[in-house]
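Welcome, and thanks for taking a look at this one with us. Please have the sequence and the 3D view open side by side as you read.

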Amino acid sequence: MKYRISETEFEVMEMVWKYQEGIKQSTLLKIFLAEGKEWKRQTLNTFLIRLEEKGLLKREKRIVKPVCTREEYAHHQTQEVIDTMYGGRLSNLVLAFTQDGGLSDEEVGRLLRLIQQKKK
């Protein structure tokens with residue numbers, strides 16, 4: 001499943017991920033209102049419907065729960081980019097960053113350590 005979500009949908013998911021055990025829709029709305037979002041109940045409900053249709057959250061009796069963790073979502077999104085832009089090869093992604101000096105010596109060292117740990 002592809003999880004293409006808007007910036008605002010991502011903001012909603014960030015808040016839902018903070019409450020893995022679930023959060024009431026009314027509480028979620030209060031939090032966003034306190035953060036300066038001038039949303040009405042229906043506005044939030046629209047975002048929740050979209051995210052539920054995309055398979056990222058579920059709602060039961062006005063309680064909102066994430067279907068996956070933020071880390072699982074990030075992994076899926078990263079894999080999609082690698083598949084689409086780099087032929088499914090992580091090494092092609094790393095090569096793209098190393099060719100233009102996009103990695104610092106510290107980052108290169110960290111990557112090398114990670115690779116060595118993975119080989120063990």
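Predicted model: local features only at pLDDT ≥ 70, side-chain atom pairs only at ≥ 80, totals over all residues.

Helix α3 has one face lined by its buried residues, the loop between β2 and β3 holds K61 and R62, and the largest pocket has about 360 Å³ of space.

**Helix α3**

- Let's start with α3, which runs over residues 41–53 and has 13 residues.
- From first C-alpha to last, α3 reaches 18 Å, close to the 18 Å expected at 1.5 Å a residue.
- Which residues of α3 are buried? They are L44, N45, F47, L48 and L51.
- Looking down the axis of α3, you will find these buried residues within an arc of 160°, so they line one face of the helix.
- After α3 comes G55, with a positive phi near 85°.

**Helix α4**

- Helix α4 takes in residues 70–85, 16 residues in total.
- Its span from first C-alpha to last is 22 Å, close to the expected 22 Å at 1.5 Å a residue.
- Y73, E80 and I82 are buried in α4, and what covers the buried residues of this helix includes α1 and α5.
- Just after α4 sits G87, whose phi is positive at about 60°.

- L57 belongs to strand β2. Is this residue buried or exposed? L57 has a relative accessible area of 2%, under the 20% cut-off, so it counts as buried.
- Beyond its neighbours within four places in sequence, L57 is in contact with M13, V16, L48, L51, E52, V64, K65, P66 and V67.
- Two of these contacts of L57, L48 and L51, are also among the buried residues of α3.
- L57 and L103 are 46 residues apart in sequence, and their C-alpha atoms are 35 Å apart in space.
- I63 is in strand β3 and counts as partly exposed, at 25% relative accessibility.
- With neighbours within four places in sequence left aside, I63 is in contact with G22, I23, K24 and K58.

**The loop between β2 and β3**

- K61, in the loop between β2 and β3, has a positive phi of about 50° although it is not a glycine.
- R62 is placed in the loop between β2 and β3 as well, and its phi is also positive, near 65°, again in a residue other than glycine.
- K61 counts as exposed, at 82% relative accessibility, and R62 is exposed too, with a relative accessible area of 56%.

**The largest pocket**

- How much space lies in the largest pocket? The value is about 360 Å³.
- Its lining is made up of 13 residues, and L90, V94, L111, L114 and I115 are the ones that lie nearest the centre of the pocket.
- The elements that give two or more residues to this lining are α5 (90–99) and α6 (105–119).
- Sorted by class, the lining has ten nonpolar, two polar and one charged residues.

Terms used
Residues numbered from 1 in each chain as written. Heavy atoms only, no water. Helix = DSSP H or I, 4+ residues; strand = E, 2+ residues; numbered from the N terminus. Expected span 1.5 Å × (residues − 1). Buried < 20%, exposed > 50% of the residue type's maximum accessible area, 1.4 Å probe, protein only. Arc of directions from axis to C-beta. 1 Å grid on protein atoms, 1.4 Å probe; cavity = no way out; pocket = protein on both sides within 12 Å on 5 of 7 lines; lining within 4 Å. Points joined across faces, edges and corners; volume = space filled by probe spheres on them. Nonpolar A, V, L, I, M, F, W, Y, C, P; charged D, E, K, R; others polar. Contact = heavy atoms within 4.5 Å.
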